[in-house]
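Dear colleague,

I am passing on the structure below, together with some notes on its aromatic side chains. Please have it open while you read.

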Amino acid sequence: MPKPLAVLAALFLFQSALSVEAAELREGVDYLTDDLRARVEKLKSDVRESATNATNQTERARVLWDWMNAFALDGGDLPVNLTAILARALVYPERLLGRESTLDAYVEELSLHDEQPDAIGKLQADLGPFAAMSYVTLKQVYTVGSKSIQTGGGFLIARHFMPNYGRWQSTSPQEVNYISIASSNSEVSFSADTVPVQGMHGGFRGSIDTLVFRLASGTLSADDQVTITYGDTSAGSRGFLMPTFSSDRMPLPVYLAFVAGGHFYTLPIQPVVVTGAGVAGVHGFAPSIVATNEPFTLSVRAEDENYNRATGALPAWKILINGEPFRDIAAAGKPITLLREIKLNEPGVYHFTIENTDGSIKGDTNPVLVEDSPRHRIYWGDTHGHSGFAEGVGTPERFMTWARDDARLDYVTHSEHDIWMDDYEWEVLRNNVREYTEEGEFIAYLGYEWTVNNLHGGHHNVLFRTPERRDRIPVQFYPTLSKLYAGLRASSDTADVVVIPHAHQAGDYRQNDPELEPLVEIMSQHGNFEWFGRMYLNHGHQVGFTAASDNHLSQPGYTAPMGGSLSQRGGLGALLANEKTTDALFDAMKSLRAYATTGDRIIMKMSVNGTVMGQRAPFATERLITGRIIGTAAIDTITLIKNDEEIWQQDYYRNENDKIVSEDSFLLSFASDSKPLHPGDNPRGWRNWRGTIEIANAKLLNATGQDFHNRFFQSLAIDKDDPNLLHFATQSRGDTSSILLKLSGIRRNTELHIKLESSRETGGAPPLYRRPQNIDAALVKLRVRDLENGRTTQHLQVDAYTDRIVLRRVVTKGERDIRFEFTDSSDREGDYYYLRVRQANDAQAWSSPVWVGGYPKR
């Protein structure tokens, strides 16, 4: 994978001690062992004599695998898709049929580095910092190395598929995102062309045409310079639009071809820095459970509209606790302020709110439960996230500092895809765990994402208790789920490994190693997948539930939605433990003392006959299920599931009085399922809801989106000419997306006329059977007179799926702290129970199950 240059070394700590030592030995000492050197030289010779074919590709790929890892450990920059290509060659050789020349091109590229290290030349860039969503001019300057560039050669201006920066163009100098090229050599000229590119620097699921500036005339020789200008304003362009998210390494990939039709060689990604914009919001983080008079820290974070740390002038803040003044924070230059040594001397639930002095910016924190003698604490973490080491953006250091400082996580795993990982990167992840872990403060776990399609087992995150003596079991050599289990068992104590499957590229829920795989990830930025956890339970596996972000921007734990499949905020995993230590939290995962949320730090307590979530209670025919939910918003519903059936639900937010009153509040919710129709398929994609909502025979006073965090795909606006007409767009995938409506002048003939535009399902991993569907336009009418116990539902059929639009009359202000109990009876051994909680803001939480009787997993 590409690694940054040693520019801005204070910000970019990419070079581990191992690679630094290797770099010092580079001159005069071969980075290959004698044995590997002999194998590499034979590979070079073989490739020059005959092209790689189906017969010899596996043998050659194995040598190339060892070579590229040694090159990476020595500080070399690998082609971004090389490890994935080798996975195909080593595991699925049939997938390279007709494309074996790809391996030969990579052998050619490493050979050039090996034999002519000065041939490639050097790339430098304007590193910023640049503000997110600003228009800028940015230059990358390439200095030609010892190998000249001939007519027909040129520069591939690749685009990383993940960032949402501007789409550059080379044809309209006066328009935004204009990109140009020039050279210090006046005898050369360039012409624009395109070539198809697939992978993370092109089309991720298939090739797309990508800009190439080719030498139309002349030759570029050693020390000539070529300047590529993004956002060239010389002819009136506004500039190049920066992405919405901040990063310490925003990728602008450039590749080099020396001759016409030649291979494009990798140039190092430059660490362009993008910062947040001006302050638009504030958020606070605090522990969920503390003891009376126990000191704790409250973090106050100023942020822009996209969850980035705010920059520029920052206001003073007023902190309130349960609505009463608590503390003031003077205006400061830092976006994150830590209030330490806070003590609360009375048991109870405390809600902190934060606002600037004029009240124009407001935010809050998670609730804090103070108890005299807490039975356990709740620790929040993210076991699934990515950086630029895989197909994401940013450095591993940024990943860790965001988790610790911005998201205020208690624990985290940087779980890069093994299909894109080399040995150098694994060592960096290992060293980061050692560097960032501070017992009692912040716990990092070494891990990776085992990455195969669902036909071969699906994606699984693998976590290790400690970073010591842990080698990954990569897909390149362990390509099926049974081989992964076997490899982990052979190399590690099962007590020191946690495997967590997830649903996006769906794990095979028919298989579960009971000693390795205690948890299932049922929610991420990709959507909500409760069905996935239920399928594991239905197959008799004793597993608990967790959630994660699967963020790809080095933003674990506190994540703004992006586009495509990653269209909602990331989830969080809660662990129940008595202390924040490596062993205590890992043991909590192993013992299923865990629950999942969609990102809100909801406090959840649940037990069956006194046995807490994730555990097995002694058999009893009478089961008392008790719990307490303390929400970040009003509690909507609490649902109890037993053996895959909902046996009890209480709706706390709905107003069940069907008497029509003149002024009232209604919650309009759009819902779609994500469970695949066919066993073994990947989940259904996002249902895109967009259109208009007309209020007939009443007056619209106000409309508020409840989970409208995705500024790219969600919108809500009152028509400029008709105050009773709403324009909206939102999405759902295994969840609901709601709009709170305040109406006046309500009568029996009041109706909501919802005109849905035609749409298409989007996002998600490629399905095997059911393809994304086109959905026809529709008109839905919901009538106030049809409300029964405060609710009416309209069903919409999409092939075998039944999507729903629900209208409910709701209370003005709901409860955020609810205790409940329910009694069930059964003569059956091994029954399991778990909770689902939904808040009025569409946030959700799921407990791990409690089993009653039966036999524990073996």
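In this predicted model, Trp 648 and Phe 820 are both buried. Their rings have centres 5.5 Å apart and planes at 20°, and because planes under 30 degrees apart count as stacked, this pair is a stacked one.

The model holds 28 aromatic pairs when counted by the ring-centre rule. Another of them joins Tyr 230 and Phe 240, whose ring centres lie 5.8 Å apart with the planes at 45°, so this pair is tilted. Since Tyr 230 is in strand β9 (residues 225-230) and Phe 240 in strand β10 (residues 240-241), the pair ties together parts that are 10 residues apart in sequence. Tyr 230 is buried, with a relative accessible area of 0%, and Phe 240 is buried as well, at 1%. These two residues also take part in a cluster, in which ring pairs link them with Tyr 165 and Trp 168.

Finally, there are two places where an arginine meets a tryptophan ring. The charged end of Arg 301 sits over the ring of Trp 402, at 4.9 Å from its centre, while Arg 687 lies over the face of Trp 689, 3.9 Å from the ring centre.

Conventions. Residues are numbered from 1 along each chain as its sequence is written. This is a predicted model: local features need pLDDT of at least 70, side-chain atom pairs count only at pLDDT 80 or more; totals for chains, interfaces and linings use all residues. Side-chain values use heavy atoms; hydrogens and water are left out. Rings of Phe, Tyr and Trp (its six-membered ring) pair if their centres lie within 6.5 Å; planes under 30 degrees apart count as stacked, over 60 as edge-to-face and the rest as tilted. Helices (H or I, at least four residues) and strands (E, at least two) are DSSP runs, numbered from the N terminus. Buried means under 20% relative accessible area, exposed over 50%, partly exposed in between (1.4 Å probe, protein chains only). A charge sits over a ring if NZ of Lys or CZ of Arg is within 6 Å of the ring centre and within 35 degrees of the ring normal.
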